[in-house]
Amino acid sequence: QMQLVESGGGLVQAGGSLRLSCLASGRTFSSYAMGWFRQAAGKEREFVAAISRNGDATYYADSVKGRFTISRDNAKNMVYLQMNSLKPEDTAIYYCAGRRAFGYSGTYYTNTDDYAYWGQGTQVTVSS
């Protein structure tokens, strides 16, 4: 079992930055691939970024590529999402997600169905 708790959301002006954090419970965090997703009001949850369990591989949605950076610290059971050059269309609830990963340590996952564990979400609001 894994429990995830996000933090770091808030209100920011367009062009600003925020860093989201996600704390994972458990002693086997390095066995989990992690991801960030978001859900805007009235829309489906969508993929934002993913990172492999060893942190060597990352992948981004086209809409955030070059502006967002996902990273992790396995010693602290933390995964982060640094968000720069924020736009009003980035406004959403942001969710941290995790799943056990086996085999090749550089595997990442981009679909909501790939993940078994989810945090409660943190609201990000970008004003124009």
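Buried here means under 20% relative accessible area, exposed means over 50%, and partly exposed is whatever falls in between, using a 1.4 Å probe and protein chains only. The model is a predicted one, so local features need pLDDT of at least 70 and side-chain atom pairs count only at pLDDT 80 or more, while totals for chains, interfaces and linings use all residues. Residues are numbered from 1 along each chain as its sequence is written, and side-chain values use heavy atoms, with hydrogens and water left out.

Salt bridges make a handy starting point. The term covers a side-chain nitrogen of Lys or Arg within 4 Å of a carboxyl oxygen of Asp or Glu, and the structure holds 4 of them. One joins Lys65 to Asp62 at 3.1 Å, N to O. Lys65 is partly exposed, with a relative accessible area of 48%, and Asp62 is exposed at 65%. Elsewhere, salt bridges with shared partners tie Arg38, Glu46, Arg67 and Asp90 into one network.

The Asp90 pair links distant parts of the chain, 52 residues apart: Asp90 sits in the loop between strand E8 (78-83) and E9, and Arg38 in strand E4. Strands (E, at least two residues) and helices (H or I, at least four) are DSSP runs, numbered from the N terminus. Arg38 counts as buried at 6% relative accessibility, and Asp90 does too at 0%, whereas Glu46 is partly exposed at 36%.

Then there is Arg72, in strand E7 (residues 68-73). Arg72 is buried yet has no salt bridge, and the nearest side chain of opposite charge, Asp73, is 8.2 Å away. For charge, Lys and Arg count as positive and Asp and Glu as negative, with His and the chain ends not counted. What the Arg72 side chain does have is a polar contact with the side chain of Asn74 at 2.7 Å, and it also reaches the backbone oxygen of Ser52 at 2.9 Å. A polar contact is a pair of N or O atoms within 3.5 Å; within protein, one must be able to donate a hydrogen and the other to accept it, and residues adjacent in sequence count only if both atoms are side-chain atoms. Leaving aside neighbours within four places in sequence, the contacts of Arg72 (heavy atoms within 4.5 Å) include Phe29, Tyr32, Met34, Ile51, Met78 and Val79.

Aromatic rings come next. Rings of Phe, Tyr and Trp (its six-membered ring) pair if their centres lie within 6.5 Å; planes under 30 degrees apart count as stacked, over 60 as edge-to-face and the rest as tilted. The structure holds 8 such pairs. In one, the rings of Phe37 and Tyr115 have centres 5.4 Å apart and planes at 75 degrees, so the pair is edge-to-face. Phe37 lies in strand E4 (residues 32-39) and Tyr115 in the loop between strand E9 (92-100) and strand E10 (117-118), so the pair ties together parts 78 residues apart in sequence.

Lys65 lies over the face of Tyr59 at 5.9 Å from the ring centre, and Arg19 over that of Tyr80 at 4.2 Å.

How values were computed. Lys NZ or Arg CZ within 6 Å of the ring centre and 35° of its normal.
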